[in-house]
Amino acid sequence: MTDEERQTLIARAVAVRQWAYAPYSHYHVGAALLASSGKFYDGCNVENAAYGSSICAERTALVKAVSEGERQFEAVAVVTGNGGSPCGSCRQMLAEFGLDLKVLLLDGEGKVVRETTLRELLPDAFTPESLRRD
Ligand code: THU
């Protein structure tokens, strides 16, 4: 990821957070993914009156990207009010496409509070490789 891509990724994650639909938790999340194609995909959390039907920002961004043909990703930026880290379901969904994903966690001011990888956030991940029988 170039410095320019990194800045764009962060700016997109900060900007998309304004669209978070979180009338129940009031926890607004924005996420942006950089695909290896060079394209960016962003998403916010979208909650539902049937709470379990809600979707996180990271998975919104991921399904947007995959449904446009992307399968390889370089980095994800996640913006929350408190620099929170992706939930287990989002880690698992992202792991499907590679554990070397760079993960940038930002607070509500857009400051990077942690920079890590999916491999570090999800040790001993269950991935497509785990289904091999031979
Ligand atoms: N949320 C995300 O969007 N991403 C995460 O990784 C953690 C949680 C959302 C889900 C729900 O809308 C709200 O934050 C509170 O859990």
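**Close-up views of a predicted model**

A polar side-chain atom of Glu58 sits 2.8 Å from an oxygen atom of the ligand. The model is predicted, so to speak of local features a pLDDT of at least 70 is needed, side-chain atom pairs count only at pLDDT 80 or more, and totals for chains, interfaces and linings use all residues. Residues are numbered from 1 along each chain as its sequence is written, and side-chain values use heavy atoms, with hydrogens and water left out.

View 1. The ligand taken alone exposes 370 Å², and the protein buries 76% of that (areas by the Shrake-Rupley method with a 1.4 Å probe; for residues, only the protein chains shown count as cover).

**View 2. The shell around the ligand.** Residues surrounding the ligand, each with a heavy atom within 4 Å of it, include Ser25, Tyr27, Val29, Asn45 and Pro86. By class, the shell has six nonpolar, two polar and two charged residues. Here Ala, Val, Leu, Ile, Met, Phe, Trp, Tyr, Cys and Pro count as nonpolar, Asp, Glu, Lys and Arg as charged, and the others, Gly among them, as polar.

**View 3. Val46 in its loop.** You can find Val46 between strand 2 (40-44) and helix 2 (57-66); helices (H or I, at least four residues) and strands (E, at least two) are DSSP runs, numbered from the N terminus. Val46 is partly exposed, with a relative accessible area of 36% (buried is under 20%, exposed over 50%, partly exposed in between, with a 1.4 Å probe and protein chains only). Val46 and Ala57 are eleven residues apart along the chain, and their C-alpha atoms are separated by 7.4 Å.

**View 4. Positive phi at His26 and Asp124.** His26 is not a glycine, yet its phi is positive, about 60 degrees. This residue, His26, belongs to the loop between helix 1 (3-16) and strand 1 (30-35), and is exposed at 59% relative accessible area. Asp124, also not a glycine, has a positive phi of about 55 degrees. Asp124 lies in the segment after helix 4 (118-121) and is exposed, with a relative accessible area of 81%.

Terms used:
Polar contact = N/O pair within 3.5 Å; in protein donor to acceptor, adjacent residues only side chain to side chain.
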